[in-house]
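Try each task before reading its solution.

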Amino acid sequence: MLRDLAGEATGTERPRFAIVGTDYFAGVGGQWAAAFDGEERLTPDEASINQALAALGVRATASQDEFDVIGLGGFRSSPDHLDAYVGLCDELGV
């Protein structure tokens, strides 16, 4: 099932994805990310979110970095997204 979903999204049986984290308050904090192609890690340790997105094929423009190109600036909190992810994992048995 997961391979079918990966194939629909990426054209390959290997899922391509990034795991990202941020911890900011009042403009101070940090971020980290890791991009994967299946089990192969595409980014170095301590990669930025933009590095992970670039590894997945997202391209910055003259006026927007990778983060803004895909609209991540519109998400300031992710508890609902995390709950949806956990539910999907449970549904898929992963």
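A residue is called buried under 20% relative accessible area, exposed over 50%, and partly exposed in between, using a 1.4 Å probe and protein chains only. The model is a predicted one, where local features need pLDDT of at least 70, side-chain atom pairs count only at pLDDT 80 or more, and totals for chains, interfaces and linings use all residues. Residues are numbered from 1 along each chain as its sequence is written, and side-chain values use heavy atoms, leaving out hydrogens and water.

**Exercise 1. Describe the overall layout of the protein chain.**

Step 1: Start with the elements. The chain has four helices and three strands; helices (H or I, at least four residues) and strands (E, at least two) are DSSP runs, numbered from the N terminus.

Step 2: Along the sequence the pattern reads α-β-β-β-α-α-α.

Step 3: Look at burial. Of the 94 residues, 18% count as buried.

**Exercise 2. Find the salt bridges and say which parts of the chain they link.**

Step 1: Recall the idea. Side chains of opposite charge can pair when their charged atoms come close. The rule here is a side-chain nitrogen of Lys or Arg within 4 Å of a carboxyl oxygen of Asp or Glu. The structure holds four such bridges.

Step 2: Take Glu40 and Arg14, whose closest N and O atoms are 3.2 Å apart. Glu40 is in strand β3 and Arg14 in the loop between α1 (2–10) and β1, so this pair links distant parts of the chain, 26 residues apart. Both count as partly exposed, Glu40 at 44% and Arg14 at 37%.

Step 3: Turn to Arg16 and Asp37, which meet at 3.6 Å, N to O. Because Arg16 lies in strand β1 and Asp37 in strand β2, the pair ties together parts that are 21 residues apart in sequence. Arg16 is partly exposed at 32%, whereas Asp37 is buried at 15%.

Step 4: Arg41 is partly exposed at 37% and Asp45 is exposed at 63%.

Step 5: Join up shared partners. Arg14, Arg16, Asp37 and Glu40 form one network.

**Exercise 3. Which residues form the aromatic pair, and how is it arranged?**

Step 1: Apply the rule. Rings of Phe, Tyr and Trp (its six-membered ring) pair if their centres lie within 6.5 Å; planes under 30 degrees apart count as stacked, over 60 as edge-to-face and the rest as tilted. The count comes to one pair.

Step 2: Read the geometry. Phe17 and Phe36 are stacked, 5.3 Å centre to centre with 20° between the planes.

Step 3: Phe17 is in strand β1 and Phe36 in strand β2, 19 residues apart. Phe17 is partly exposed at 31%, while Phe36 is buried at 17%.

**Exercise 4. Is Thr43 buried or exposed, and what does Thr43 touch?**

Step 1: Locate Thr43 in the loop between β3 (40–41) and α2 (49–55).

Step 2: Check accessibility. At 7%, Thr43 is buried.

Step 3: List the neighbours. Not counting residues up to four places away in sequence, Thr43 touches Ala33, Ala34, Ala35, Gln51, Ala52 and Ala55; contact means heavy atoms within 4.5 Å.
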